[in-house]
Amino acid sequence: MIINCIAVDDEPLALGLVCAFIEQTPFLNLIGRYSSAVEALIGLQDQKVDLIFLDIQMPNLNGMELARVLDSRGANKPRIIFTTAYNQFAIEGYRVDALGYLLKPFNYEEFLHASNKALTYFELVNRSNAPATVVAAEQEEEEYLFLKIEYQLVRIALNEILYIEGLKDYVKIYLQDKEKPLLSLTSLKALEEKLPSKRFMRVHRSFIVSLNKINSITRNALQIGKVNITVGDQYKEAFGGFLSKWN
């Protein structure tokens, strides 16, 4: 399967890097590159685009605003993978149903991981008459990651993760139905970039939580099981965005 895509970024170096990554990925077909969201919007009128690699912080019309415009097209809208240096837009990305969220600077391995998720999505859509939101949900239920635990790679189902605690160069992964957490030699930031932003959120310098495992929320904290986790000041705005969709 070939996915027709465009790249949009007002930074020439960043745009060139994304285009180079697209061109070296066999199932991606680059049909346009734009240095502004306005140019991209005009270009989208003349060609069928499946996927947009879209920067957020751009002048005049930013990437999130372009995504909202395209969202009004319903089932015929192109899908989006955001490429940004700012993680506070993750909640907004959730609202426009983005397929991925690449945090700059990202490497080709991270780009390919996000692109493979898009490929899986489009293949499922082609094989099924189910609504796109249903297909995406089914896709996410099958997701997992591999982490190095002691001397082996361990497969961890995302729907089993309760929360993750960062400890300098290590993380503790707390799983449902497991008394002891798994200990992995990686950073919380690196793990945050691998987790789907629709399901996980960093709420503190030392904690990432699974959004669907939260039992209760107070003004400055949340509870998962018997554990209370404080929402750090720099994460309150993004977490407030998540809460606003329930109000």
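## Close-up views of a predicted protein model

**View 1. Welcome to the whole protein.** The protein exposes about 13500 Å², and carbon and sulfur atoms supply 50% of that area. Accessible areas come from the Shrake-Rupley method with a 1.4 Å probe, and for residues only the protein chains shown count as cover. This is a predicted model, in which local features need pLDDT of at least 70 and side-chain atom pairs count only at pLDDT 80 or more, while totals for chains, interfaces and linings use all residues. Residues are numbered from 1 along each chain as its sequence is written, and side-chain values use heavy atoms, with hydrogens and water left out. The secondary structure comes to eight helices and 15 strands; helices (H or I, at least four residues) and strands (E, at least two) are DSSP runs, numbered from the N terminus. Of the 247 residues, 49% count as buried. Here buried means under 20% relative accessible area, exposed means over 50%, and partly exposed is in between (1.4 Å probe, protein chains only). Residues 24 or more positions apart account for 53% of the contacts with a separation of 6 or more, where contact means heavy atoms within 4.5 Å.

View 2. Strand β1 covers residues 3-8 and holds C5. At 0% relative accessibility, C5 counts as buried. Leaving aside residues up to four places away in sequence, C5 touches I22, L28, N29, L30, I31, G32, V49, L51 and F53. Take L28 as an example: 23 residues separate C5 and L28 in sequence, and their C-alpha atoms are 6.8 Å apart in space.

**View 3. A look into the nonpolar cores.** In soluble globular proteins, nonpolar side chains tend to be buried together. A nonpolar core is a set of buried Ala, Val, Leu, Ile, Met, Phe, Trp, Tyr and Cys residues joined through side-chain atoms within 4.5 Å. The largest one here has 22 residues, and those with the most contacts inside it are I22, L28, L51, F53, I81 and F111. Two or more residues each come from β1, α1 (12-23), β3 (51-54) and α5 (108-127). Helix α5 gives the most to this core, with six residues. Apart from it lies another core, of 21 residues, among them A40, V49, L54 and I80. Back at I81, the residues touched include L51, F53, L99, Y101 and A114, not counting residues up to four places away in sequence.

View 4. Side chains of opposite charge can pair when their charged atoms come close. A salt bridge is a side-chain nitrogen of Lys or Arg within 4 Å of a carboxyl oxygen of Asp or Glu, and a search of the whole structure finds six of them. In one, the side chains of K104 and D9 meet at 2.7 Å, N to O. K104 lies in the loop between β5 (100-103) and α5, and D9 in the loop between β1 and α1, so this pair ties together parts that are 95 residues apart in sequence. In another, the side chains of D55 and K104 meet at 3.4 Å, N to O. D55 lies in the loop between β3 and α3 (63-71), so its pairing with K104 ties together parts that are 49 residues apart in sequence. D55 counts as buried at 3% relative accessibility, and K104 is buried too, with a relative accessible area of 18%.

**View 5. The salt bridge of K236 and D233.** The side chains of K236 and D233 meet at 3.1 Å, N to O. K236 is partly exposed, with a relative accessible area of 33%, whereas D233 is exposed, at 65%.

**View 6. Strand β6 and its two faces.** In a regular strand the side chains alternate between the two faces of the sheet. Strand β7 (residues 152-157) pairs with β6 in the antiparallel sense over six bridges; two strands pair if DSSP finds at least two bridges between them. Opposite Y144 stands A157 in β7.
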